[in-house]
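Trainee: I am new to this structure. Please take a close look at one helix pair and what surrounds the pair.

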Amino acid sequence: MAIRVLIVDDHSVVREGLRMFLAHAPDLEVVGEAEDGAEALRQVRRLRPDVVVMDLLMPVMDGIAATRAIRSELPETEVLALTSVLESASVVEAIRAGAIGYLLKDTRATELCTAIKAAAAGQVQLSPQASTYLLGVVRMPERPEPLSPREMDVLRLLARGQSNKEIARTLHLAEETIKDHVRHILAKLSVQSRTQAVLAAIRLGIVSSQS
């Protein structure tokens with residue numbers, strides 16, 4: 001089954017370019033487009049995409065506010081923030097809002113497809129430079145609720161970039177059970193995404209940045 005993708009950008013040329021890139025990937029399907037965050041939220045409610053490729057600077061509702069709303073209302077939909085600048089404060093806010101990761105607008109088509117597939121699988125993939133930068137700014141809970149031994153196992157595997165399916169296979173558990181563990185981990189660490197959970201775990205010393 002193809003991964004359903006929604007493209008959100010206020011520039012039609014960018015949307016057309018992204019659609020053209022993704023059209024060459026047989027396992028990806030662009031199900032819709034939006035030109036601002038408010039429209040993106042409406043489209044996500046209607047289309048239920050697996051992944052939203054989200055621009056950050058847009059009129060009406062920006063990508064950060066839209067990401068926060070989507071992750072709160074429809075947590076099964078993952079969001080990849082799209083930006084032109086790696087060090088932008090907007091990228092940090094997007095991660096805080098619940099984006100699973102981010103892309104630069106000069107990303108190659110093959111890398112874009114790979115990142116979308118990783119997001120759909122729930123994989124956290126941060127470059128060393130990005131994780132170092134984000135670790136310095138993402139707030140952590142002061143007193144997180146303790147994780148169970150099994151939740152710790154799941155979090156360590158999340159930190160290694162494994163998807164729910166891969167974690168289930170590694171731990172010999174059902175994928176639905178892993179999803180439940182991930183939900184509990186997010187709640188206990190007071191975060192909205194797997195990316196935030198991994199960053200929180202590194203900051204708190206629960207896992208190593210080299211996990």
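Mentor: The axes of helix α1 (residues 12-23) and helix α5 (residues 109-120) come within 9 Å and cross at roughly 80°. Axes are lines fitted to C-alpha atoms, for helices over the stretch in contact, and angles run from 0 to 180 degrees between N-to-C directions. Helices are DSSP runs (H or I, at least four residues), numbered from the N terminus. So α1 is roughly perpendicular to α5, a term for angles of 65 to 115 degrees. On the α1 side the contact (heavy atoms within 4.5 Å) is made by Leu18, Phe21 and Leu22, and on the α5 side by Ala109, Leu112, Cys113 and Ile116. By class, this contact has seven nonpolar, no polar and no charged residues; Ala, Val, Leu, Ile, Met, Phe, Trp, Tyr, Cys and Pro count as nonpolar, Asp, Glu, Lys and Arg as charged, and the others, Gly among them, as polar.

The model is predicted: local features need pLDDT of at least 70, side-chain atom pairs count only at pLDDT 80 or more, and totals for chains, interfaces and linings use all residues. Residues are numbered from 1 along each chain as its sequence is written, and side-chain values use heavy atoms, with hydrogens and water left out.

Arg15 also lies in helix α1. Arg15 is buried, because its relative accessible area is 11% and buried means under 20% (1.4 Å probe, protein chains only). Not counting residues up to four places away in sequence, Arg15 touches Ile7, Asp9, Asp10, Glu33, Ala34 and Glu35.

Definitions and conventions: Helix = DSSP H or I, 4+ residues; strand = E, 2+ residues; numbered from the N terminus. Parallel < 35°, antiparallel > 145°, perpendicular 65-115°, else oblique. Buried < 20%, exposed > 50% of the residue type's maximum accessible area, 1.4 Å probe, protein only.
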